[in-house]
Amino acid sequence: MKSVNFLLAFVLMALASSLASAYDPSPLQDYCVAINDTKTAIFVNGRYCKDPSVATADDFTFSRLIPTDTNNSLGVNATLLTVDNFPGLNTLGIAIARADFAPGGVFPPHIHPRGTELVLVQNGTFYVGFVDSNNTLFGKILYPGDVFVIPIGLIHFQVNIGKTDGVIFASFNSQNPGFIRLANSIFGTNPPIDPYTLARAFQLDVNAVKQLQAKFSSTN
């Protein structure tokens with residue numbers, strides 16, 4: 001009986017450990033404002049922490065999450081707040097983004113390898129969706145006030161299908177969820193992936209692949 005209990009305890013501990021390692025580490029202090037100065041700092045979760053005795057409310061404030069210009073080829077512009085540009089997020093396991101869309105604006109297929117995304121529509125009408133590992137599409141038309149969750153690491157997209165400008169806010173359960181735009185990561189790498197490889201993979205002509213590589217390499 002003791003051996004069974006020990007085995008059960010071991011399995012539960014292993015499961016808890018695997019779940020914990022899938023997300024940002026839990027903080028061991030109230031906060032850890034990221035800082036580059038190493039002389040008066042401690043190293044926690046990949047960042048040095050400012051001495052708590054000199055932290056201020058400004059370290060936990062970001063006041064420029066404002067509308068951005070959508071006059072570009074995709075009709076969308078986004079501001080993502082992570083620990084890189086908002087040091088107060090360090091060790092807290094959260095991030096936030098604002099995305100502004102022109103009518104018809106498209107946020108193309110992309111993934112966040114380290115964070116689940118929670119989308120809130122503020123203005124506009126959106127078609128939002130993600131694709132799971134079985135290639136099943138989960139898509140939904142969203143209106144102001146609607147919320148949609150996108151599981152960690154899955155391909156997803158947002159399209160403003162309305163006739164007016166749209167705004168989406170997205171939160172993440174990671175201080176740095178990462179961002180990989182699929183088309184750029186496939187056709188815009190440096191150095192480029194062998195065109196023959198991509199041609200076979202996507203069932204395209206090699207020249208078509210080269211044209212795509214030229215296009216996306218110029219946007220990086």
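Biologist: Which residues are exposed on the other side of α3?

Modeller: Exposed means over 50% relative accessible area, buried means under 20%, and partly exposed lies in between, with a 1.4 Å probe and protein chains only. On that side of α3, Arg200 and Ala201 are exposed. Keep in mind that this is a predicted model, in which local features need pLDDT of at least 70 and side-chain atom pairs count only at pLDDT 80 or more, while totals for chains, interfaces and linings use all residues. Residues are numbered from 1 along each chain as its sequence is written, and side-chain values use heavy atoms, with hydrogens and water left out.

Biologist: Which residues of α3 are buried, and what covers them?

Modeller: An α-helix has 3.6 residues a turn, so residues three or four places apart point the same way. In helix α3, which spans residues 195–202, the buried residues are Pro195, Leu198 and Ala199. They lie on the same side of α3 because they cover an arc of only 105 degrees around the axis, the arc being that of the directions from the helix axis to the C-beta atoms. Their cover includes α2 (182–187) and α4 (206–217), where contact means heavy atoms within 4.5 Å. Just after α3, Gln203 takes a positive phi of about 55 degrees.

Biologist: How are helices and strands defined, and how many of each does the chain have?

Modeller: Both are DSSP runs numbered from the N terminus, with helices being H or I of at least four residues and strands being E of at least two. The chain has four helices and 13 strands.

Biologist: Which strand pairs with β8 over six bridges in the antiparallel sense, and which residues does that strand span?

Modeller: Two strands pair if DSSP finds at least two bridges between them. Strand β11, residues 155–160, pairs with β8 in this way, and within β11 the bridge partner of Val128 is Gln158. Strand β8 (residues 126–131) is also joined by six bridges to β9 (residues 137–142), and these two run antiparallel, with Leu142 of β9 as the bridge partner of Phe126. Five residues lie between β8 and β9 in their hairpin, and Asn135 in the turn has a positive phi of about 65 degrees.

Biologist: How much of the chain is buried?

Modeller: Buried residues make up 32% of the 220 residues in the chain. As for Val149 in strand β10, this residue is partly exposed, with a relative accessible area of 44%.
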